[in-house]
Amino acid sequence: MFVLEIKDLTYTYGGGTPFEKTAVDHVNVGVEKGEFLGIIGHTGSGKSTLIQTLNGLLRPTSGTVLLNGKDIWAEPKKIRAVRFQVGMVFQYPEHQLFEETVLKDICFGPSNMGLDQKQCEERARRAAEFVGLPDELLGKSPFELSGGQKRRAAIAGVIAMEPEVLILDEPTAGLDPQGRDMLLSQISDYRTKKGNTVLLVSHSMEDIARCADRVLVMNEGKAVMLDTAGEVFARGRELERMGLRVPQITGIMLDLMEKGYPVHPVLTVDRAVGELLPLLRKGGDRP
């Protein structure tokens, strides 16, 4: 059984007005328990609207979202509990930090779940460890942290609720390359150690290629591709026509394939080296 299943989901903004716009159009997607699903699409493709329906922030115009087989809107008064199970990290989450200390900020979510102070702090410290925040920072004001540390503190605040599904919307936006790589590694480690399901929305094809088991491609409100990262990026020319850019190394390999070289559209430099070295030893001749 899927941990999350989207059935014939449609969401329309401004229904019945001259500004009516369908942002998500009859989407069907199943998310396996424990998988890392990447979601990509150009601006306006519907991906952000889609993820906001997954924990009840937006109620579908039609269709259903199932969490462990149950419609999340079956009991509307309990939708708040769904948001504890499906945790959402918005873009630039550090803008939502507000408490006196980092520890209190991370405790905010668990305290809203009704946990006592000891339980909240235990969860907060575990979450801080997952995202790489050392103990000595927990007593500081969140506004004393660096940009990357603030981002990790905000993500820890969601992880501390121990959601079954963690959804991240552009979590590396605005970070330098070192900060981006560190954060992605920590998110991947979290998923591996906890066995939780992670959905990552990103404009960075490199980030998605690095982390995702499968990739969902949204275009004009529709789910147009859902496959392994390798299979999706092998269709690089289709992605480019949608305004998306494949990982740089994948694009190079696609160019070589189109010139007749016997290579594959791999996702990493290491894999590309493995493909190209035998050709170089043979003099790089095309078949």
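The model is predicted, so local features need pLDDT of at least 70 and side-chain atom pairs count only at pLDDT 80 or more, while totals for chains, interfaces and linings use all residues. Residues are numbered from 1 along each chain as its sequence is written, and side-chain values use heavy atoms, with hydrogens and water left out.

Let's turn to the salt bridges (a side-chain nitrogen of Lys or Arg within 4 Å of a carboxyl oxygen of Asp or Glu). The structure holds 18 of them. One joins R245 to E206, at 3.2 Å from N to O. R245 sits in the loop between α9 (236–241) and α10 (248–258) and E206 in helix α7 (residues 205–211), so this pair ties together parts 39 residues apart in sequence. Helices here are DSSP runs of H or I, at least four residues, and strands are runs of E, at least two, numbered from the N terminus.

Now look at α9. R237 and E240 both lie in this helix, three residues apart, about one turn, and their side chains meet in a salt bridge at 3.0 Å, N to O. R237 has 25% relative accessibility and counts as partly exposed, as does E240 at 38%; that label covers what falls between buried (under 20% relative accessible area) and exposed (over 50%), with a 1.4 Å probe and protein chains only. Elsewhere, salt bridges with shared partners join R180, D181, D207 and R210 into one network.
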